[in-house]
Amino acid sequence: MSNARLPSFRFLIGFEAAARLGNYSRAAEELCISQSAVSHQIAQLEQQLGQPLFRRKGRGVELTVAGRLLLDSVGKSLDQIRHGLSRIETYMDDSLVTIVCPAPVASGWLQPRLDGLLQRHPQLCPIVSTDETARYIDELDVDIAITREPLRQTDVLQVPLLADELVAVRAPGPHTGDGLLCLEEDLTSDRTGPFIRQHLGRLRKTAIYDDARLLLDAALRGRGCAVVSRLLADEALGTGRLQLVEGIPPFALGRLWMSRIEGEPRMALVREVFDYLVEQAVPLAKA
């Protein structure tokens, strides 16, 4: 069977539509052809395969065992083709730039700076992803990656972008609670846990979160003193909605890196976005 001639792609599309919709007429409507054309395509496909693929069921059809087996492979193949076509469509859209960034950095540092970026480039449509596993720079899925470690990838331009640190913050005013708000992974970490216990262990824990953005929200609501990433709290600190807690030193978390393809990227807009973010990082680096 491995040497068998592959069926016509047109026959397979007709088969997949009829199998998915359970009806030749609806398949014909979707494909903008006649019902007899769909019937003819499936009959030729069945003749070539030597197997019946459908049986009549009421006013529609249902798959035979052979039909279900064929649909499993044909459906997956067509889904992969559709995905490939959508990726090509995205690649050809010269207004889209994909940026992958850790969620706390995207929420606290990148998001507030998109306004200025869009004012400078009103045609831009940024695609911001927090999926840190999808950070391979391939000029198709990812144009720019902001990562906590340098990428182990050749042919990319990488620059140190920002330094992050844990800071203790609270909302200003007497209404702020006296308890401790913290991230579960920071509290239990061998690296940051001792720092939190040393400097803030006297405070009663009032809430522990597994999402840094929820932790920031709790601090903004005045629920207590929160230990957060400075980059996550960057906008709130800049606008005065949060303030640093006196007497608590920062705890260095390390540097973030930004990467794009080396040389000229697929379009000038990618380079311009990259350069803008580097420019935006300079004041914070000097602070």
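Which residue caps the N-terminal end of α2? Asn23 does: one of its side-chain oxygens lies 2.7 Å from the backbone nitrogen of Ser25. The pair can be judged against the cut-off for a polar contact, a pair of N or O atoms within 3.5 Å; within protein, one must be able to donate a hydrogen and the other to accept it, and residues adjacent in sequence count only if both atoms are side-chain atoms.

This is a predicted model, in which local features need pLDDT of at least 70 and side-chain atom pairs count only at pLDDT 80 or more, while totals for chains, interfaces and linings use all residues. Residues are numbered from 1 along each chain as its sequence is written, and side-chain values use heavy atoms, with hydrogens and water left out.

Helices (H or I, at least four residues) and strands (E, at least two) are DSSP runs, numbered from the N terminus. Helix α2 covers residues 24-31, and its buried residues are Tyr24, Ala27 and Ala28. Buried means under 20% relative accessible area, exposed means over 50%, and partly exposed lies in between (1.4 Å probe, protein chains only). Seen down the axis of α2, the buried residues fall within an arc of 100°, so they line one face of the helix. The arc is that of the directions from the helix axis to the C-beta atoms. These buried residues pack against α1 (9-21), α3 (35-49), β1 (54-57) and β2 (60-63). Contact here means heavy atoms within 4.5 Å.

After α2 comes Cys32, which sits in the loop between α2 and α3. Most residues other than glycine have a negative phi. Asp155, in the loop between β5 and β6, also has a positive phi, near 65°. Cys32 counts as exposed at 72% relative accessibility, and Asp155 counts as exposed at 52%.

The UniProt record, an unreviewed entry, places the feature "domain: HTH lysR-type" at residues 15-64. UniProt positions are given in the numbering used here, feature names are shortened, and annotations may be inferred rather than shown by experiment. In the model, the end C-alpha atoms of residues 15-64 lie 12 Å apart, and the span is 60% helix and 16% strand.

## The nonpolar core

A nonpolar core is a set of buried Ala, Val, Leu, Ile, Met, Phe, Trp, Tyr and Cys residues joined through side-chain atoms within 4.5 Å. The largest one has 25 residues, of which Val97, Trp109, Ile144, Val273 and Leu277 touch the most other members. Two or more residues each come from β3 (96-100), α5, β5 (144-147), β6 (156-170), β11 (251-261) and α10 (268-286). The largest share, 7 residues, belongs to α10.

Beyond residues up to four places away in sequence, Ile144 touches a list of residues including Val97, Ile137, Met258, Val273 and Phe274. Strand β5 also holds Ile146.

Arg113 is placed in helix α5 (residues 103-120). Arg113 is buried, with a relative accessible area of 15%. A polar contact of 3.0 Å joins its side chain to that of Asp234. Leaving aside neighbours within four places in sequence, Arg113 is in contact with Gly108, Asp234, Tyr276 and Gln280.

## Cysteines

A disulfide is a pair of cysteine sulfur atoms within 2.5 Å. By this rule the model has 0 disulfides. Cys101 is in none, and the nearest cysteine sulfur, that of Cys125, is 17 Å away. For Cys182 the closest cysteine sulfur is in Cys225 at 9.6 Å, too far for a bond. Cys101 counts as buried at 0% relative accessibility, and Cys182 is buried with a relative accessible area of 0%.

## Two strand residues compared

Ile208 lies in strand β8 (residues 205-209). Leaving aside neighbours within four places in sequence, Ile208 is in contact with Cys182, Leu183, Glu184 and Leu187. The table sets C-alpha to C-alpha distances beside separations in sequence.

| Pair | Apart in sequence | Apart in space |
|---|---|---|
| Ile208 and Leu232 | 24 residues | 17 Å |
| Ile146 and Leu242 | 96 residues | 25 Å |

Ile208 is partly exposed, with a relative accessible area of 43%, whereas Ile146 counts as buried at 1%.
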